[in-house]
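Subject: Structure for your files

Hello,

Here is the structure we spoke about, with notes on what turned up in it. Please read the notes alongside the model.

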Amino acid sequence: MRKFEDRHIGTNTADRSTMLAAIGEPDIETLIDKTIPASIRLSRPLSMPEAMSERSYLRMMESVAARNRVFRSYIGHGYYNTITPSPIARNIFQNPGWYTQYTPYQAEISQGRLEALLNFQTMVSDLTGLPIANASLLDEATAAAEAMAMFFDIKNKRRRDDKATRIFVDRHVFAQTLAVLRSRAEPLGIEIETGDWRSFTGGDAYFAVLCQFPDAEGCVADYRAWVMSMKEQEIHAIVAADILGLVLLTPPGEWGADAVVGNTQRFGVPMGFGGPHAAYFATRDEYKRQIPGRIIGVSVDSREMPALRMALQTREQHIKREKATSNICTAQALLAIMAGMYAVYHGPDGLTAIARQVHKMARSLASMLAERGMTVKHDSFFDTVCLEISDQEAAAIKDAAARSEMNFFFGKGHLCISLDETTTADDIKEIVEVLSVMNGGDAVAVDVGIPDTLQRSTPFCTHEVFSSYNTETELMRYIKRLENKDLSLMHSMIPLGSCTMKLNAANQLIPVSWSAFADMHPFAPADQTEGYRQVIRELERDLCEITGLSACSLMPNSGAQGELAGLLCIRAYHAANGEHQRDVALIPSSAHGTNPASAVMAGMRVIVVQCDDTGNIDVGDLQAKAAEHSSQLAALMVTYPSTHGVFEEAIKEICATVHRHGGLVYMDGANMNAQVGLTSPGEIDADVCHLNLHKTFSIPHGGGGPGMGPICVNDKLKPYLPTHPFADLEGGIEPVAAAPWGSASILLISYAYIKLLGADGMRRATENAILNANYLAARLKPHYPILYTGKHGKCAHEFILDLRQFKAAGISAEDVAKRLIDYGFHAPTLSFPVAGTFMIEPTESESKAELDRFCEAMIQIKAEIEEVVKGDVDPENNVLTNAPHPVDLLTDANWKFPYTREKAVFPVPYLYHEHKFWPPVARVNNAYGDRNLVCTCPPIEAYMEADSQTGA
């Protein structure tokens, strides 16, 4: 029986021999010896169990799943049971055509998911009553923190002195949200004041207020007059709102909110023990250039046909670096697409029916409990009934609920019961029976529900997309049409440097959908989650072994959150040692843009360290700056191997220099795919690293998220890992995410990756990633300059191809990227870390045949470039500058280009014989989209007008 390793690694023994010959090395061991410095090679193999077969793994996971006990959850607090419509589960969630897509930076091959995300933005904008919404954030708590940081920056942008540094947070905001707010506020110098909103009157020291709607006890409070009084004082109002509740409640945007944030989990996305779920963020038009994260906007292509793209400051953390206000570099795109499609499927009438049914059940429960003499705390609520109880009653209810396999939320002196779309009348009767252990008083008749003044009167989801696909047949066809507009790993390799678009094996993904994992509430009692906890313990142990470090936090739910968490641990370490002055972060000029952004968010000052002519960190400059800032040095942030795709020889000397001056070393784990089993962060003397599980450990990218960025630390930093108000986690800093183990359900995917490959398989995966990259470099080197290599002329798992010399002839790196679309490939990473270049990473999962197809495409494109360089073709009107070429151009009777149709769309023979991917639009006009910003679904007339203008 073939091993999983043989299915994961794309080349066979014969292929590898041929590839090694092309590189000029006799065997893989010699290649690795010439790639990775001997001083940092591991002296022993990784200590972990041998690889399992795929069948054995799934049988083992069945026993692990059986250790979880999924009770009926009425815990709420931001997480609810939901029904994932089967056509969405089958055609999106379980479909590699959707979950293997990359972030839609190349708009021409991303029109399907861009439209799906525009639907999500439109839904959020409609429900919140605000005109601008982004394409999702990581979770509700971090969305609230982003709103806090945004308004802090806006309020104080022109106030150098006497800054407004306080935010008031109502005491009935979700506890996990308040904890994350504290985590983010302290490094920025923001003071958080909590209390009862009714007694807060504002003041000059405050820049914002934040409240929950409905609040953590389920109360639907009337904040309208209070919010207006805040606005009169120029204090921004942030509202964390329940997305399903907004179907029936007056939108906060209508009563003055400046930003509305929340979670769309209950729109068809399973709880999954905490995620992944798409948070939402909506705000007013005047803040559209400050909104964090990605925004999908409407633009036109080169023919002035409608086209979508990511708009405005989509990668602002990469462009602004240490001046960025956020380090957000990922979203929860796949989950936002599911939530948006849930609204498309149900439509406004269906959503209203669901919300009314949930509210009806809550009113029925409240009335039944009041009739039995129980004290219902609030008479205005949407889905959550809150009872006043004593400690003695709480103990009795917990016992009775456990016997009936129910979970409630227990607060101080109260009990909350949150209902959802799965709740039935029989469930209500059973809840009442469980609560009969309470000593009821006299029966009370209550008039409960949503006050007339807070009932929604504004229509929502009025765009035709929300009323056109309400049957399964139509939805299935719509989803397929969108899928066909996108290029994914279903079509070809995605050779993005640093993004590691590798195989997401089907068997790794299967358990994620099982109810035992999908339907678990993140705050469920520990004795019900033993299966999850086994996975978590073993995954933490394995990641520590892989990194050579001693402790792990799985909480950060993106790479950027991992960066921030690691730096906050370093900050806490220095503070505990009485060295509060240590606030300088040394960051190489080649670093990911999120590095300096994260450092600033962690309260650090960024000092840039230069790179030398060979792309390595300038050791002399590092030593000089470490000495200059010795007493203030907090950390070095270093990516290894470097962002230039090289294992730097001086890395141990670099780390020793930082340690000598009292700083700690943070290693960015974006390039761990070149380390696993061969070297490690611990081996280079790093103190902390984050791991992109969606890169090295094979979680799908999902069109731009989900991602996971856990951190591993050494003994120094172990006491400072993130804690959580609803979990017994050892550590010291406040949480960085809403759930204790981040997006816990997708941890199963990386757990499977490690179990199925084992130590030897992971090492061979690393070796083959390095082999594939060096093979591509060797084949392309005669045609394009390779910008940086190591001491022996080798690259790591990625390399930089230099295209800058063609600029003089009028051909840019972007032209080459768009032309690759005509050859059926996603472009490599464009102009990062060096402008005018490609950063190429093939991963270990690609076959030699696929690598050769990519080389054939790049070599043929070089010939097309040479035609321009030699003056044989018009430098402004050629196959490169006009690329890509949509199918409707091919069939247009009026062919207006100075080259043949065949050259445009079938430039190499394999395109005749293999699947030809047709881009749905021509090159997108980015500037037009920013000048004419539209971030919600335009009316169908807009498309008809564009068609008539172009004569299509």
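Gln332 sits in the loop that joins helix H11 (316–320) to helix H12 (333–371); helices here are DSSP runs (H or I, at least four residues), numbered from the N terminus. This is a predicted model, in which local features need pLDDT of at least 70 and side-chain atom pairs pLDDT 80 or more, while totals for chains, interfaces and linings use all residues. Residues are numbered from 1 along each chain as its sequence is written, and side-chain values use heavy atoms, without hydrogens or water.

Gln332 counts as buried because its relative accessibility is 0% (buried means under 20% relative accessible area, with a 1.4 Å probe and protein chains only). Its side chain reaches the backbone oxygen of Leu138 at 3.3 Å. Beyond neighbours within four places in sequence, Gln332 has contacts (heavy atoms within 4.5 Å) that include Ser136, His277, Gly705 and Ser743.

**Cores**

The largest nonpolar core has 211 residues, and Trp226, Leu543 and Phe697 are among those touching the most other members. Such a core is a set of buried Ala, Val, Leu, Ile, Met, Phe, Trp, Tyr and Cys residues joined through side-chain atoms within 4.5 Å. Helix H23 (residues 747–780) contributes the most to this core, 19 residues. A second, separate core of 44 residues includes Tyr79 and Phe523.

**H23 and H25**

The residues of H23 that meet H25 include Tyr775 and Arg779, and those on the H25 side include Phe854 and Met858.

Regards

Note on methods:
Buried means under 20% relative accessible area, exposed over 50%, partly exposed in between (1.4 Å probe, protein chains only). Helices (H or I, at least four residues) and strands (E, at least two) are DSSP runs, numbered from the N terminus. A polar contact is a pair of N or O atoms within 3.5 Å; within protein, one must be able to donate a hydrogen and the other to accept it, and residues adjacent in sequence count only if both atoms are side-chain atoms.
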